[in-house]
Amino acid sequence: MIIKNVLVYGEDETFHQGEVIVENGKIVTEAVDKNDVVDGQGGYVIPGLVDIHFHGCVGADMCDGSAEAIDKIARYEASIGVTSMAPATMTVSEEELHGIMKTAAEHPNQVGAKLVGINMEGPFISEAKKGAQAAEHIRKCDVELFHALQKDAAGLIKLVDIAPEIEGAMEFIDAVKDEVAVSIAHTEADYDTAKKAFDRGARHVTHLYNAMPAFSHRAPGVIGAACDTERCRVELICDGVHIHPSVVRTTFQMFGSDRMIMISDSMRATGLTDGEYTLGGQPVFVKGNLATLKDGTIAGSATNLMDCIRVAVKDMGIPLETAVKCATMNPAKEIGIYDTCGSILPGKDGDLVILNQDLSLQAVYVGGVKQ
Ligand SMILES: [Zn+2]
């Protein structure tokens with residue numbers, strides 16, 4: 001297959017007039033059948049998106065713990081342009097976590113977006129900043145539990161989220177930092193505590209600004225400590241609800257585009273109509289882009305990652321080239337799958353999205369297969 005008449009997003013992070021060839025599921029330089037042509041109608045070809053933090057969509061949630069839920073999520077994600085996904089678990093019971101990890105490890109990955117990882121959001125978080133996480137299942141950092149879950153998941157856990165101020169956090173970082181990306185999340189930590197965690201090996205921040213103290217001039221907190229840690233990448237929810245557009249622009253300047261990862265943090269109502277749903281067992285009310293608990297706490301988002309790109313580009317003034325990088329290359333690098341996806345390069349999987357000039361979707365391919 002040759003995709004022609006398109007602007008191709010290159011490894012140099014800009015668009016070039018060109019073509020993309022896919023054979024046997026991989027991006028290649030030479031077409032077998034020169035007549036197998038797709039006309040991209042002057043649109044853009046970008047790498048398939050990689051969402052490393054979201055909970056669910058179209059009525060399904062990773063925490064449902066079923067193969068059907070993962071398939072449902074994978075189909076929807078592929079339909080909107082996400083081709084690789086690392087859905088997040090919530091703070092649920094230990095028993096449920098074991099079940100979810102086992103189901104993920106056994107998942108055959110036959111439809112839609114590829115299940116490439118799991119982002120373990122909780123239970124090692126701060127009760128004071130729990131957001132929509134269930135308080136009764138929050139616990140202190142537990143290396144043994146993490147290793148047992150990672151074994152159940154057959155190594156699929158790529159990110160583990162912790163609050164660095166809770167008991168055992170620093171020792172936890174020491175123990176697992178070489179096998180998983182430790183992310184600072186749902187925390188009350190001040191600058192010094194967060195900096196210590198980064199110096200010990202944490203290298204990621206979960207939904208920067210959300211569920212953590214604000215960045216203020218005498219108390220820079222996790223946000224300042226993350227910025228001061230060169231190898232640390234940070235997640236940002238650009239759905240137009242979680243973060244003010246001005247803060248989004250400032251954050252891109254502050255961290256630089258190499259260190260920003262766009263995530264959707266979407267919950268099960270995404271792709272459905274307004275109404276009452278659940279997240280981690282708690283009721284959530286969805287109206288438009290806004291998903292909240294009864295008390296008004298924001299509970300995940302109701303926006304998919306492709307829509308976050310559109311919001312960032314059209315409403316927030318983030319260049320398309322930058323948004324694409326932060327939703328493809330950077331997350332792929334962060335969870336260690338950049339050798340197979342995250343950019344358009346011969347040898348990588350044929351995971352591609354064709355967008356029209358107005359950023360509406362024209363086609364999505366996972367491993368060269370049209371979705
Ligand atoms: Zn969260």
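Biologist: Which residues of α8 are buried?

Modeller: They are Leu-305, Met-306, Asp-307, Cys-308, Ile-309, Arg-310, Val-311 and Ala-312. Buried means 20 or more other C-beta atoms within 10 Å of the residue's own, exposed means 12 or fewer, and partly exposed lies in between, with C-beta atoms placed from the backbone. This is a predicted model: local features need pLDDT of at least 70, side-chain atom pairs count only at pLDDT 80 or more, and totals for chains, interfaces and linings use all residues. Residues are numbered from 1 along each chain as its sequence is written.

Biologist: How many of the ten residues of helix α8 are buried?

Modeller: Eight are, so α8 (residues 305-314) is largely enclosed by the rest of the structure. Helices (H or I, at least four residues) and strands (E, at least two) are DSSP runs, numbered from the N terminus.

Biologist: What do the buried residues of α8 pack against?

Modeller: Contact means C-beta atoms, placed from the backbone, within 7 Å. The partners are the helices α1 (67-80), α7 (245-255) and α9 (320-327), plus the strands β5 (49-51), β8 (82-85) and β16 (260-263).

Biologist: Now a loop residue. Where is Met-212 found?

Modeller: Met-212 sits in the loop between β14 (204-205) and α6 (221-227). Met-212 is buried, because 25 other C-beta atoms lie within 10 Å. Beyond its neighbours within four places in sequence, Met-212 is in contact with Lys-129, Thr-187, Gly-221 and Val-222. Ile-223 is eleven residues away along the chain, with 8.6 Å between the two C-alpha atoms.

Biologist: And the whole chain? How many helices and strands are there?

Modeller: The protein chain has ten helices and 22 strands. Its radius of gyration (over C-alpha atoms) is 20 Å, close to the 21 Å that the globule rule (2.2 Å times the number of residues to the power 0.38) gives for 371 residues, so the chain is as compact as a globular protein of that length. Of those 371 residues, 53% count as buried. Among contacts with a separation of 6 or more, 71% join residues 24 or more positions apart.

Biologist: Which domains does the assignment give?

Modeller: Domain bounds come from an automatic or database domain assignment. Here it gives domain 1 (2-45 + 359-370) and domain 2 (49-341). Their centres, over C-alpha atoms, are 30 Å apart. Eight residues from domain 1 and twelve from domain 2 make the contact. On the domain 1 side, strand β21 (residues 361-366) supplies the largest share, three residues. That side has six nonpolar residues (Ala, Val, Leu, Ile, Met, Phe, Trp, Tyr, Cys, Pro), one charged (Asp, Glu, Lys, Arg) and one polar (the others, Gly among them).

Terms used. Contact = placed C-beta atoms within 7 Å.
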